[in-house]
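User: I would like to learn how to read the contacts between two chains. Please take me through the features one at a time.

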Amino acid sequence: MKGLVRKNVLIVMIAILSISLLSGCAGTRSKESSASKEGKVTVDFWTFWGSETRKPVIEKIINDFNKSQDKIYVKHTYLPYGDIWTKELAAVAAGNPPDVVINDINTVQHRAAKNQNTDLSKYIKDSSFKDRFYPQLWQTVLYKNHPYGVPFNTDERVLYYNKDLFKKAGLDPNKPPQTWDELWSYAKKLDVKENGKYKTIGFYPLWGVGADVWMLNADGTSFFDYEKNKPVVNDQDNIDALNWALKFQNHYGKNTIQQYKAQFGQQQANPFIAGKVAMYTEAATFYTQLRDYGKDINWGITKLPAKTKGSGHTSWGGGFAAEIPKGAKHPKEAWEFIKYLTGKKSQAYWAAKNFDLVANKAGAKAAATSDLLNAKGKKTYKFISEYFNETEITPTPLSAPDYTSIINPEIDKAMAGKKSPEQAMNDAQKAVEKLISNHQ
Amino acid sequence: MMEPPIKTAIHSNQIKKVKRKSSLQRKESLQGYLFIAPWLIGMVFITAGPLLFSFYGSFTNYDITSHMDFIGLKNYIRMFTNDDLFWTSLFNTLYYVVISVPITVVAALLLAVLLNQKVPGMRIFRTIYYLPAILSGVGVYLLWMQLLSPTGLVNTVLDWFGINGPAWLFDPKWTKPALIFMKLWSVGGSMLLYLASLQGVPKSLYEAAEIDGANAFQKFRHVTLPMITPVLFFDLVTSTIGGFQIFQEAYVMSQNGDGGPANSLLFFNLHMWNKAFEVFDMGYAMAMSWILFVIILVLTIINIKLAPRWVHYEGEKNS
């Protein structure tokens, strides 16, 4: 096993080398053949959507586009999520990248600053183009006010709750908690303890989401103030969020928390789906798991409760954007495809088929009435697409590319009781400032 | 050590003979080089190039696509003065090496001694204990994540004995012990080496010891152990090197490969990987790799220098 790491690295290196060599040959060849044989330009499109559910959806979108074109042919290349971007980078460095790639929306600016993707402003003829998308997503793809990607999909965190358990506990199933305090008091009412062990857990804030989501929820910023361009890790709201989470942890005990945490990793054994947890914060797309495995439970969906009344129900999301890598052979044709991919029709289809939140507002709206969804699906989709207006994206700051790797361990230490939340967040703030000084 | 007297005994008329012999030797050495040529070519063209490139790169701010400016020792200075995670990762790695290497070496040896007994069905036992070593990494890690889950099999068994097992992979205090525990399971590879060398110990030595009245422990301590020191030494050196390179386990077994709760599984190579392939700070990552190289080099040299004090090679003139 000792040589394994080195061997694997070597294999990966050789694989990358041969792939770039092969694609180098293939690239030139296909350029010639596509020009002479079919008279079409081939656009190489890289995604990580290879699963049984996603692959047919993206391939249908591609097929529809290809049918409508007599000049462009899009070829779909699937690469596993784990190495698509490393391979893309290698291909960019080798001067032979794909024409379109799906990449992380939070780091579009980083690639722009590092010369890895293409400024799209020269292709955008229509000044209202940006209005097609949720504004916070469009903001994320800008670098020095120029777009370097087009938002494709996104997500958000919501509160799922079990209506049957609400009834059992004497709570109104149509009145989910609205504030952090209500969450706490509801949770205690929903708890069921038998022989010193929990049979039902009311709520624990850090299953399904990280502490950063609650920090963002509290006041609209988590670790970084984008307007002032400075880290705000040790904000009072952030410390409050940790103290609030600790209150739950002390209530249930670390052992119980860790046991359940391990179970949340497995789909069928998910404790919320099994009816062992009454309220659960998760990505909105958790709907598909409830649809497929949770037929027996009567669930509801609602916004994240506000820290205090009126402080806002801010949620957190991420997402992916379509980009043209630097040095792509057919940027003009690539742009035509991106326009189609992020257009209303494709977006609505993707949204309804995958129950995924899409970046195109009209697409999201259309999906909420799509015949591909059942009644509950439509209602849920309508809710999540509207709630997205209260959802923030937290792009990775240019000056602190790996700041979460510093902050998260400090949060762990606070939750493990090794440091007070205040101490942990102060230390994290200092460490992030140090990181930023390294990058200036 | 026996050579010098022979050399002085060569007479002038024998020199021709020696020369003829050396042409044969030359031919043989040419054949030798031919045999190792595939490796040599690979080394020069595939390994040495990137190696030298990474050495130069460690003095630059290389990020693959936008710049590669010479910045002197800045990466190294930053590593030692301005990157807390560097020290965390170094500490974690040293912890792992210091604890896991002795334990796995002793466990492998112990297992080999047990499997060297003459008991019916021994071949089956040997196969069973060797089996984990042939299973591929990631699958094994996923299996162990299940076993080590707070309500997993390991804790269930501990529970039978009234021990309330820890949350292994979720508790920062227990993540590294959990990993070491897991590695113990797959000592089969080095066990095989010990088994082979145990069977190579001449019976006559044991017989002589028995005649002298040695008991089982004395036989092990004064016959077996000295005779297998070369393998012990080899295992120690390779285990140490392998220990410093630990990566996969932490990458697979921590969430998103981020280094586990409170960075307790952030090993040197994992930190380096994150710098290189997560934020593309290649220059810095290259500098880190050279520091790791120096650390391993120094430790290996120390190991080799200390070896003559305890490693016994048969056939060597021994005082």
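User: How many salt bridges does the rule find across the interface of chain A and chain B?

Analyst: Side chains of opposite charge can pair when their charged atoms come close. The rule asks for a side-chain nitrogen of Lys or Arg within 4 Å of a carboxyl oxygen of Asp or Glu. Across the interface of chain A and chain B, three salt bridges are found. One of them joins Lys434(A) to Asp84(B), with 3.0 Å between the closest N and O atoms. This is a predicted model, in which local features need pLDDT of at least 70, side-chain atom pairs count only at pLDDT 80 or more, and totals for chains, interfaces and linings use all residues. Residues are numbered from 1 along each chain as its sequence is written, chains are lettered from A and ligands numbered from 1 in the order in which they are written, and side-chain values use heavy atoms, with hydrogens and water left out.

User: What area do chain A and chain B bury between them?

Analyst: The size of an interface is often given as the accessible area lost when the parts come together. Here the loss (1.4 Å probe, summed over both parts) is about 3,100 Å², 57% of it on carbon and sulfur atoms. In contacts, meaning heavy atoms within 4.5 Å, 33 residues of chain A meet 39 residues of chain B.

User: Which residues does Asn438(A) touch?

Analyst: Leaving out residues up to four places away in sequence, Asn438(A) touches Arg78(B) and Asn82(B). Asn438(A) lies in helix H17 of chain A; helices are DSSP runs (H or I, at least four residues), numbered from the N terminus. Its C-alpha atom is 8.4 Å from that of Ser399(A), 39 residues apart along the chain.

User: Which salt bridge does Lys60(A) form?

Analyst: Lys60(A) pairs with Asp64(A) at 2.9 Å, N to O. The two are about one helical turn apart, because they are four residues apart in helix H2 (residues 54–68) of chain A. Over all chains the count comes to 23 salt bridges.

User: Where does Ile46(B) lie?

Analyst: Ile46(B) is in helix H2 (residues 15–57) of chain B. Ile46(B) also belongs to a nonpolar surface patch whose members include Trp39(B) and Phe45(B), with about 1,100 Å² of accessible area together. Patch residues have over 30% relative accessible area and no salt bridge; like charges are joined within 9 Å, and nonpolar side chains (Val, Leu, Ile, Met, Phe, Trp, Tyr) within 5 Å. Accessible areas come from the Shrake-Rupley method with a 1.4 Å probe, and for residues only the protein chains shown count as cover.

How values were computed
Buried area is the accessible area (1.4 Å probe) that two parts lose on being put together, summed over both.
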